[in-house]
Amino acid sequence: MDTAERLDLVTRYTDEVVETEELETLLAEGNPSVYIGYAPTGEMHIGHFTTIRKLADFLRADLDVTVLVADLHAHLDDEKSPFELLDARVKYYQEAIEGMVEAAGADPSDITFVRGMDYQLDEEYSLEMYRMAAETTIARTQRAASEVVRESDSPNLGGLIYPLMQSLDVKALDADIAYGGIDQRGIYMLSRELLPEHDHDKPVCLFAPLLAGLTGDKMSSSEDGSKVNLTDSPAVVRDKIDDAYCPMGDVEDNGVLEYVQYLVFPVLDERDESFVIERPDEYGGDLVYEDYQQLEADFESEELHPADLKNATGEYISDVIDPVRERLTDRPELLAEAYPESYE
RNA sequence: CCGCCCUUAGCUCAGACUGGUAGAGCAGUCGACUGUAGAUCGACUUGCCCCCCGUUCAAAUCGGGGAGGGCGGACCA
């Protein structure tokens, strides 16, 4: 595979690359390392899938892929995860992530999993963090973390340490590329400012789009109807998709279309299959799409009705998460121990 | 260490002065209308009123104590 092909593979379905030229250089020089961090807080959902699915692309482009399960971050961010629950949540996150990697058509054993506290308490790391704290203003730190860390009238200090540590993680994991959802942009822009002062190259940043919620607003992890959970049964998935905001002909802020674009088609593409929409004869009969653009065009022209789109999408989404759901329901103790409140 | 303020529905809060076991908005649920959803109508649901003790026929409300959170002061050899 030549550099142009790899570049295309690495960047497809992303929202932004900072900077493409830098990425191209990295790829031309060898096999760069990329990392993504997940703070094990709430239950994982289909939004995580869009970021994880791309790890399969990275592996195919011969990147060195590391997934950080950032346990300490999960606690630093307004104690989203109680300290005692970190172990259980790390276990659950790793299992869920491996399931999603597999569902995306890659081999989880090709990925290096790292747990935050395994190195974040090291003397060298700690000392460097203090030095970073000394040289960074509160305002700069807040601005960096504002999209990630929970907002509050009385913010905790942990939320300010959070972006500093995340920046340091790039160095500690020796990552050439920092990958994450576009919400992480602020933090990694800070990293690009800070790291050159700390003997590490500016990371190339790669951002995945954040899926719109199903209810018409931003996807909210606390609003159950706005997202599909990995453990949702096929019936629940269908219901959620059916309840989704989806105005006819409107391709903006349409959660259903985004699911189709960023989840269904990439996975179908991997399997070399097309998207089949079953439609009653009275409305024109079945439709078959080879790529998202065709589908979007038909939806925009109102040739494709939301009800038909929803029926098909519900099935495909359910199908995509099926192996992950099975993997998690096979080991119910993982969720039960990670979220004792919800699973008693 | 001292002082002041806050804690009521999933969320934001009203009610407290003038005791009679609770309300609004948003969210949610269900119908109607749409070949989906939303919007719009119509209906509905929601509560250890932070905890304990006391006063009282009766306490979210008054008194005392406690917990959690916020703000300020003091201390700065």
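A salt bridge here is a side-chain nitrogen of Lys or Arg within 4 Å of a carboxyl oxygen of Asp or Glu, and across the interface of domain 1 and domain 2 that rule finds six of them. Keep in mind throughout the tour that this is a predicted model.

**The two domains**

Begin by selecting residues 3-208 of chain A, which the domain assignment gives as domain 1, and then residues 224-343, which it gives as domain 2.

**The interface between them**

Next, select the residues that meet across the boundary: 26 residues of domain 1 are in contact with 28 residues of domain 2. Between them the two domains bury about 2,500 Å², and 64% of that area lies on carbon and sulfur atoms. On the side of domain 1, show Glu43, Ile46 and Glu95, which lose the most area to domain 2 and together make up 27% of what that side buries.

Counting residue pairs in polar contact between domain 1 and domain 2, with both residues at pLDDT 80 or more, gives 10.

Now select helices α3 (46-60) and α5 (86-103), the elements that give two or more residues to the side of domain 1 that touches domain 2. Of the elements on this side, α5 gives the most, with 12 residues. Coloured by class, the side of domain 1 that touches domain 2 shows 12 nonpolar, five polar and nine charged residues.

**Around RNA strand B**

Move to RNA strand B and select the 14 residues that surround it, of which the closest are Asp243, Ala244, Cys246, Asp308 and Lys310. Of the atoms of RNA strand B that come within 4 Å of the protein, sugar and phosphate account for 41%.

Which helix gives the most to the surface near RNA strand B? Select residues 306-330 to see helix α14, which contributes four residues there. Within that range, aspartate 308 has a side-chain N or O atom 2.6 Å from a base nitrogen of RNA strand B.

Then show the backbone at two further positions: an N or O atom of alanine 244 lies 2.8 Å from a sugar or linking oxygen of RNA strand B, while for aspartate 242 the corresponding backbone distance to a sugar or linking oxygen is 3.2 Å. Finally, colour the surface near RNA strand B by class, which gives eight nonpolar, two polar and four charged residues.

Definitions and conventions
Residues numbered from 1 in each chain as written. Chains lettered and ligands numbered in written order. Predicted model: local features only at pLDDT ≥ 70, side-chain atom pairs only at ≥ 80, totals over all residues. Heavy atoms only, no water. Domains from an automatic or database assignment. Contact = heavy atoms within 4.5 Å. Buried area = accessible area lost by both parts, 1.4 Å probe. Polar contact = N/O pair within 3.5 Å; in protein donor to acceptor, adjacent residues only side chain to side chain. Nonpolar A, V, L, I, M, F, W, Y, C, P; charged D, E, K, R; others polar. Near = heavy atom within 4 Å.
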